[in-house]
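Subject: Structure handover and findings

Hello,

Here is the structure we discussed, with the sequence alongside. My notes on what was found in it follow below.

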Amino acid sequence: MSVIEDAALRRVIDHVATARATRTPLQLRGHGSKAFYGEAPRGAPLEMAPLAGIARYEPTELVVTVRAGTAIAHLEAALAEHGQCLAFEPPRFDNQGTVGGMVAAGLAGPARATVGGVRDFVLGAALLNADGDVLRFGGEVMKNVAGYDVSRLLVGSMGILGPILEVSLKVLPAPPARATLRFEWTQPKALEHLQRWAGQPLPLRASAWWNDMLVVQLAGAAAAVHAAVQTLGGEPVDEPGAERFWTGLRDQRDEFFVAAGDAVKAGATLWRVSVAPHAPPLATEGEQLIEWHGGQRWIVNESDAATMRALAAAAGGHATAFRGNKVGGAFTPLAAPLARIHRELKARFDPDGLFNPGRLYPDL
């Protein structure tokens with residue numbers, strides 16, 4: 001994997017050199033689509049969007065190497081020409097999301113519980129340190145890893161280790177067949193069926209429950225999808241309607257997220273609660289949307305961080321203040337040993353605290 005030396009990269013390197021000389025913290029920025037996520041951005045903007053383009057793509061090898069400022073939508077359009085896709089379905093946020101932000105945030109879409117998350121598809125990455133050196137980790141094959149797998153460590157790091165310049169990703173063929181079914185079920189009944197189906201050989205790719213309606217997506221070989229439709233029953237959703245639903249859910253612009261946005265403006269918080277899929281319904285106020293076969297639960301309410309995190313912990317998980325009021329921190333505080341590891345990593349990669357200070361945790 002090689003980073004192309006060009007004017008865009010040189011500008012990024014020069015900007016970092018100037019910031020280090022003047023001790024100016026930098027806020028890494030693609031198109032700003034995830035500025036709401038994590039702690040509030042601080043520092044002078046370091047624009048990464050000009051560092052865009054697909055550096056290398058070998059459809060027969062199912063690998064693409066892409067520069068950090070590339071729009072996810074642009075990358076997916078190129079993959080679609082060869083019948084391939086980003087299987088983890090990262091949210092695109094009105095087509096403004098970039099590949100660098102996708103990796104730094106580590107967010108995945110409806111299919112995450114079945115196919116895996118961003119980390120599972122990152123093969124290699126190039127990172128810029130405060131000295132202006134380009135550091136390369138991993139490669140373009142699944143087993144090209146020696147020592148620490150830093151390329152995957154960057155996933156969810158919120159950019160605090162440095163600017164991601166380029167990423168190599170595993171891609172997959174798009175499923176040859178899909179079908180969507182819906183069931184009018186209460187939350188307990190929906191969770192019960194999802195757990196039962198999880199133990200069966202069904203091509204269940206994604207699921208979403210909200211307002212007493214469970215919607216599931218089947219994907220895979222046509223024969224397997226057809227057989228699963230006959231087995232599960234439910235009400236079929238026509239293809240255009242299904243496409244609108246799953247796209248809206250993936251990009252967080254469907255009815256639930258629109259209403260959540262209005263509630264956040266009025267003072268509420270949108271919580272992203274991660275628990276074991278078999279966890280029972282969470283006893284809390286507010287609207288809930290459940291994804292990932294029960295593993296991801298979106299909750300909109302005005303509860304404080306301590307209350308929501310205690311609720312999540314009791315169910316074996318954790319709660320993130322995704323949008324809105326983040327008093328108490330955007331992310332669940334780390335246990336002391338993990339906090340020490342995070343501080344040591346930050347000190348090793350960014351000793352001057354130059355990149356995205358405080359974006360992941362206030363003291364990093």
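The second largest pocket holds about 670 Å³ of space. Please keep in mind throughout that this is a predicted model. The second largest pocket is lined by 25 residues, and E89, R178, Q217, E243 and T247 are the closest to its centre. Two or more lining residues come from each of α2 (72–80), β5 (84–85), β10 (177–183), β13 (235–237) and α8 (239–250). Of these, α8 gives the most, with six residues. Sorted by class, the lining of this pocket has 11 nonpolar, five polar and nine charged residues.

Strand β10

Five of the seven residues of β10 are buried, so the strand is largely enclosed by the rest of the structure. β10 pairs with strand β12 (residues 213–220) in the antiparallel sense, over seven bridges. Within that pairing, A179 stands opposite L218 in β12. β10 also pairs with β13, again in the antiparallel sense, over three bridges. There, T180 has V237 of β13 as its bridge partner.

The largest pocket

The largest pocket has a volume of about 910 Å³. Its lining is made up of 33 residues, and those that lie nearest the centre are A105, R119, V155, G156 and H318. At least two lining residues are supplied by each of β14 (269–274), β17 (318–324) and α11 (336–349). The largest share, four residues, comes from α11. By class, the lining of the largest pocket divides into 19 nonpolar, 10 polar and four charged residues.

Between β17 and α11 there is a loop, and T332 is in it. Is T332 buried, exposed or partly exposed? T332 is partly exposed, with a relative accessible area of 25%. Leaving aside neighbours within four places in sequence, T332 is in contact with R309, H318, A319 and Y361. One of these contacts, H318, is also among the residues that lie nearest the centre of the largest pocket. For a distance across the model, the C-alpha atoms of T332 and E58 are separated by 39 Å, and these two residues are 274 places apart along the chain.

Cavities

How many cavities of 30 Å³ or more does a search of the whole structure find? The search finds two.

- The largest cavity contains about 90 Å³ of space. It is lined by 13 residues, with A108, G109, Q252, Q296 and W298 nearest its centre. At least two lining residues come from each of α8 and β16 (296–301). By class, the lining of the largest cavity has seven nonpolar, three polar and three charged residues.

- The most is given by α3, with three residues. By class, seven of the lining residues are nonpolar, one is polar and one is charged.

In soluble globular proteins, nonpolar side chains tend to be buried together. In this model, the largest nonpolar core has 57 residues, and those with the most contacts inside it are Y37, L75, L86, M102, V103, L169 and L270. Helix α3 (residues 99–105) gives the most to this core, with five residues.

Regards

Technical notes
Residues numbered from 1 in each chain as written. Predicted model: local features only at pLDDT ≥ 70, side-chain atom pairs only at ≥ 80, totals over all residues. Heavy atoms only, no water. 1 Å grid on protein atoms, 1.4 Å probe; cavity = no way out; pocket = protein on both sides within 12 Å on 5 of 7 lines; lining within 4 Å. Points joined across faces, edges and corners; volume = space filled by probe spheres on them. Nonpolar A, V, L, I, M, F, W, Y, C, P; charged D, E, K, R; others polar. Buried < 20%, exposed > 50% of the residue type's maximum accessible area, 1.4 Å probe, protein only. Pairing = 2+ DSSP bridges. Core = buried A, V, L, I, M, F, W, Y, C linked by side-chain atoms within 4.5 Å. Contact = heavy atoms within 4.5 Å.
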